[in-house]
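Here is a short report on a pair of protein chains and how they meet. Look over the sequence and the model first.

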Number of protein chains: 2
Amino acid sequence: MKKDAEEWINRYVDAYMVVTRQINARLRDIFGEGLTSDQFLILRLIAGQEKCTSTYLAEAVAVGKSSITAIINRLDEAGMIERTRDENDRRQVYLTMTEHGKSVYSTSEKQMQEVISPYLFHFEDHDIERFITMFEKLAFLMQEPGGRNN
Amino acid sequence: MKKDAEEWINRYVDAYMVVTRQINARLRDIFGEGLTSDQFLILRLIAGQEKCTSTYLAEAVAVGKSSITAIINRLDEAGMIERTRDENDRRQVYLTMTEHGKSVYSTSEKQMQEVISPYLFHFEDHDIERFITMFEKLAFLMQEPGGRNN
DNA sequence: AATAATAGTTCACGTGTAGAACAGTTTCAC
DNA sequence: GTGAAACTGTTCTACACGTGAACTATTATT
């Protein structure tokens, strides 16, 4: 354990709590009825992945597959995504956005940009770059071991 | 809007998604039945605040007061906190941890340290310091405007 | 004294999560 | 080939957390 680990972790958790909860609250407000912030993240992952499956999503958001089924069902009922079975391996179900889904996602993405971008003006460009690079490295490290069943 | 804002925000959101979900998953695993990660954050806020009220918690976690009531009820039923009415202003209810609550919180805090601290070894001390300082500044900015009603 | 504002609760409803049981499809060992 | 094992996704039940509106009780205002 590093010398200052305890203090760092406490400071990190306090900041993390504020930032994530505040961003979430703002996203809830602007997305409104149309979309939850979790649904937005799922659409984002579907958008960024050829042949996206439930298993992939479950690992990406570190959650059981049954949770993914629930979210996907709601997005399906809302007409935002479609399920397609792979003809070669009929166990696999690929998830793709419908035109409506793409439209909702694109609008939400712009709204998110508008919510977050004002904060960037309080920081120097190279500090932002360093901060994000570090965050990405942390994300990479955390994604590595992977492994969560059901 | 800054020149690179869009790219930065996309990168931030992608990293943020991975890090928060992974940390949450790990906390779910180690806390087990005893405590949810949201309950842990509430206990943390109660621990760090003299005369903690529901209104304070609602603002701190950017959530309606009725959500706080629900969480507090569960912590109360589990014997982790106590409610005390202010005798001067009987509308106010102060929240304090019981001995049992303190014990659970303290254990959970240690477990959280153990989950997060290994990642620190992958970074230079001064990078960690800069990263956290920046995160704290962001948290400060986001807390400012405040304001969320029930 | 009547009216406003404030603090907290209750209720009904939607969403996200876990975990166990299940169905349908490969894949593998023999 | 055939039977067992592994894998993908779904269903079901139970619970935590979020909202917003309506409510109670208390204090402040005018």
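**Basis**

This is a predicted model, in which local features need pLDDT of at least 70, side-chain atom pairs count only at pLDDT 80 or more, and totals for chains, interfaces and linings use all residues. Side-chain values use heavy atoms, without hydrogens and water, residues are numbered from 1 along each chain as its sequence is written, and chains are lettered from A in the order in which they are written.

**Interface**

How many residues of chain B are in contact with chain A? The count is 63 residues of chain B, against 63 residues of chain A. Contact means heavy atoms within 4.5 Å. The area buried between chain B and chain A is about 7300 Å². Carbon and sulfur atoms give 69% of that area. Buried area here is the accessible area (1.4 Å probe) that two parts lose on being put together, summed over both.

Across the interface there are 20 residue pairs in polar contact, both residues being at pLDDT 80 or more. A polar contact is a pair of N or O atoms within 3.5 Å; within protein, one must be able to donate a hydrogen and the other to accept it, and residues adjacent in sequence count only if both atoms are side-chain atoms. On chain B, the elements giving two or more residues to the side that touches chain A are helices H1 (5-31), H2 (37-47), H3 (54-60), H5 (99-120) and H6 (125-143). H1(B) gives the most, with 23 residues. Helices are DSSP runs (H or I, at least four residues), numbered from the N terminus. By class, this side of chain B has 35 nonpolar, 9 polar and 19 charged residues. Ala, Val, Leu, Ile, Met, Phe, Trp, Tyr, Cys and Pro count as nonpolar, Asp, Glu, Lys and Arg as charged, and the others, Gly among them, as polar.

**Salt bridges**

A salt bridge is a side-chain nitrogen of Lys or Arg within 4 Å of a carboxyl oxygen of Asp or Glu. The table gives some examples.

| Pair | N to O distance |
|---|---|
| Glu136(B) and Arg11(A) | 2.9 Å |
| Glu136(A) and Arg11(B) | 2.9 Å |
| Arg130(A) and Asp127(A) | 3.3 Å |

Glu136(B) lies in helix H6 of chain B and Arg11(A) in helix H1 of chain A, so this pair joins two chains. Glu136(B) is partly exposed at 28% relative accessible area, while Arg11(A) is buried at 17%. Buried means under 20% relative accessible area, exposed over 50%, and partly exposed in between (1.4 Å probe, protein chains only). Glu7(A), Arg11(A), Glu129(B) and Glu136(B) are linked in a network of salt bridges.

Glu136(A) is partly exposed at 27%, and Arg11(B) is buried at 16%.

Arg130(A) and Asp127(A) are 3 residues apart in helix H6 of chain A, so about one helical turn separates them.

**Core and a buried glutamine**

The largest nonpolar core has 103 residues. Such a core is a set of buried Ala, Val, Leu, Ile, Met, Phe, Trp, Tyr and Cys residues joined through side-chain atoms within 4.5 Å. Tyr12(A) and Tyr12(B) have the most contacts inside it. Beyond neighbours within four places in sequence, Tyr12(A) touches residues including Phe135(A), Leu138(A), Val19(B) and Phe135(B).

Gln113(A) lies in helix H5 of chain A. Gln113(A) is buried, at 6% relative accessible area. Outside four places in sequence, its contacts are Pro118(A), Ala5(B), Glu6(B), Ile9(B) and Asn10(B).
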